[in-house]
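The following note sets out several points for a colleague who is examining the coordinates. Each point is meant to be read beside the structure.

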Amino acid sequence: MQFSVRFNNDRPVSEYLTLAAAAEAAGFDQFWVSDDLFLRSAPVILTAIAGVTSRIKLGTCILNPYTLHPSEMAMIAATLDEASNGRFLLGLAAGANDFLKWVGLEQARPLATVRETIQVVRALLNGEQVAFEGQALRGWTSEAYLRFPSRPVPIYVGAMGPRMLTLTGEIADGALPLLFPPEHYETVAGYVSSGAEKAGRTLADLDLAACIWCSIADDREAAEAVLRDKIAYYGHALGPLIYDRLGVSREEFLPIEQALQRDRDPARARALVTPAMLKIGVAGTPRDLIPRLEGLAALGVRHLSFGPPLGPDPLAAIRALGHEVLPLFADR
């Protein structure tokens with residue numbers, strides 16, 4: 001079993017250095033940082049982390065080709081691979097359409113854009129000249145190549161919808177699907193597996209991370225409050241497949257989005273999160289988390305990925321996971 005921890009890019013840079021060092025010491029294999037708009041830059045954070053860690057792999061979850069050109073994505077990947085001595089993992093996806101609208105960007109041809117981004121980034125990292133003319137990426141000439149030494153890096157795709165999950169199985173090295181709720185893994189694995197079969201491979205040929213949200217603390221009420229805040233921020237940007245699994249609609253999240261984003265009233269937004277929405281993740285003690293993880297292991301999960309908010313004290317949560325949870329699943 002592999003283990004990873006994921007953080008949003010909403011913390012001071014200095015905190016990530018402490019958290020990454022603690023995750024490495026606790027036995028985690030990967031440390032991921034998101035790159036959501038108008039928060040801190042994940043590549044900058046990961047570059048800083050590379051200097052204070054030596055073993056743990058470092059990844060972006062995720063970069064998108066609408067706000068970051070694929071040529072620059074390849075530059076970042078090659079540079080971070082160099083800075084981390086080969087520990088970098090490139091997580092990319094189409095991004096959240098709701099957030100792209102903040103800057104007037106349309107999420108045009110998301111499937112083709114992600115497919116072609118992976119194609120050109122791989123070619124660039126292989127040292128190739130990338131004259132490319134696709135459906136989404138056009139006009140690339142033979143002058144498109146990296147002017148410094150590079151090598152391939154594993155490419156992971158963040159996917160929520162059926163077609164993107166299938167594409168992930170077909171062409172990615174790894175998958176970062178959000179499991180809302182954790183038991184959503186069974187549905188996700190089916191789509192990824194069908195894509196893998198199209199390419200003549202199986203699920204065993206890629207790293208399918210079971211990406212869950214958990215908020216861990218001895219005080220269950222405090223843990224739940226942190227999870228409510230995270231749901232309030234991201235709930236309106238999830239996909240239909242997840243809404244269907246939870247038994248909620250996107251429209252139910254719109255008053256929460258308005259309270260948080262437009263009215264800037266986080267207390268009211270938190271209060272509007274319903275019990276059905278809370279099923280997105282797990283809030284409580286490490287002992288509350290274990291039965292849900294046992295269910296995932298029984299479904300064949302080989303990579304448990306613990307994501308934000310982690311809890312009111314993320315450092316304590318990392319240490320608790322390393323002490324009370326990871327040893328129970330390490331040999332699975």
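1. The model is a predicted one. When neighbours within four places in sequence are set aside, the contacts of Asp263 are with Gln258 and Arg268.

2. The backbone here deserves a check: phi of Arg264 is near 55°, a positive value in a residue other than glycine. Arg264 has a relative accessible area of 71% and is therefore exposed, the cut-off for that class being over 50%.

3. A positive phi in a residue other than glycine is also found at Phe38, where the angle is near 70°. Phe38 belongs to the loop between β2 (30-33) and α2 (42-50). Is Phe38 buried or exposed? Phe38 counts as exposed, because its relative accessibility is 63%.

4. The loop between β2 and α2 contains Asp36 as well. Which residues does Asp36 touch, not counting those up to four places away in sequence? The partners are Asn8, Asn9 and Tyr234. For orientation, the C-alpha atom of Asp36 is separated by 25 Å from that of Pro152, and the two residues are 116 positions apart along the chain.

5. Two cis peptide bonds should be noted. One runs from Cys61 to Ile62, with omega near 10°; Ile62 is located in the loop between β3 (57-60) and α3 (70-83). Another cis peptide bond joins Pro308 and Pro309, and there omega is about 20°. Pro309 is placed in strand β10, which covers residues 303-310.

6. A further point concerns the packing of two helices. Two packed helices are described by the angle between their axes and the distance between the axes. Helix α1 (residues 13-26) packs with helix α14 (residues 314-329) at an angle of about 5°, and their axes are 9 Å apart. This angle makes α1 roughly parallel to α14, because angles under 35 degrees count as roughly parallel.

7. Which residues of α1 and α14 meet? On the side of α1 they are Thr18, Leu19, Ala22, Ala23 and Ala26. On the side of α14 they are Pro314, Leu315, Ile318, Gly322 and Leu326. Sorted by class, the contact of α1 with α14 comprises 8 nonpolar residues and 2 polar residues, with no charged residues.

8. Helix α6 (residues 162-171) includes Arg163. Because its relative accessibility is 61%, Arg163 counts as exposed. Arg163 and Gly174 are 11 residues apart in sequence, while the distance between their C-alpha atoms is 16 Å.

9. The remaining points concern the chain as a whole. The protein chain has 14 helices and 10 strands. Its C-alpha atoms fill a box of roughly 60 × 40 × 40 Å along the principal axes. Does the radius of gyration lie above, below or in agreement with the value for a compact globule? A compact globule with 332 residues would have a radius of gyration near 20 Å, and the 19 Å of the protein chain therefore agrees.

10. Of the 332 residues in the protein chain, 53% count as buried. Among contacts in the protein chain with a separation of 6 or more, 73% are accounted for by residues 24 or more positions apart. The protein chain exposes about 14,000 Å², and 51% of this area is supplied by carbon and sulfur atoms.

Definitions and conventions
Residues numbered from 1 in each chain as written. Predicted model: local features only at pLDDT ≥ 70, side-chain atom pairs only at ≥ 80, totals over all residues. Heavy atoms only, no water. Axes fitted to C-alpha atoms, helices over the stretch in contact; angles between N-to-C directions. Helix = DSSP H or I, 4+ residues; strand = E, 2+ residues; numbered from the N terminus. Parallel < 35°, antiparallel > 145°, perpendicular 65-115°, else oblique. Contact = heavy atoms within 4.5 Å. Nonpolar A, V, L, I, M, F, W, Y, C, P; charged D, E, K, R; others polar. Rg over C-alpha atoms; globule rule 2.2 N^0.38 Å. Buried < 20%, exposed > 50% of the residue type's maximum accessible area, 1.4 Å probe, protein only. Areas by Shrake-Rupley, 256 points an atom, 1.4 Å probe, with all protein chains shown as cover.
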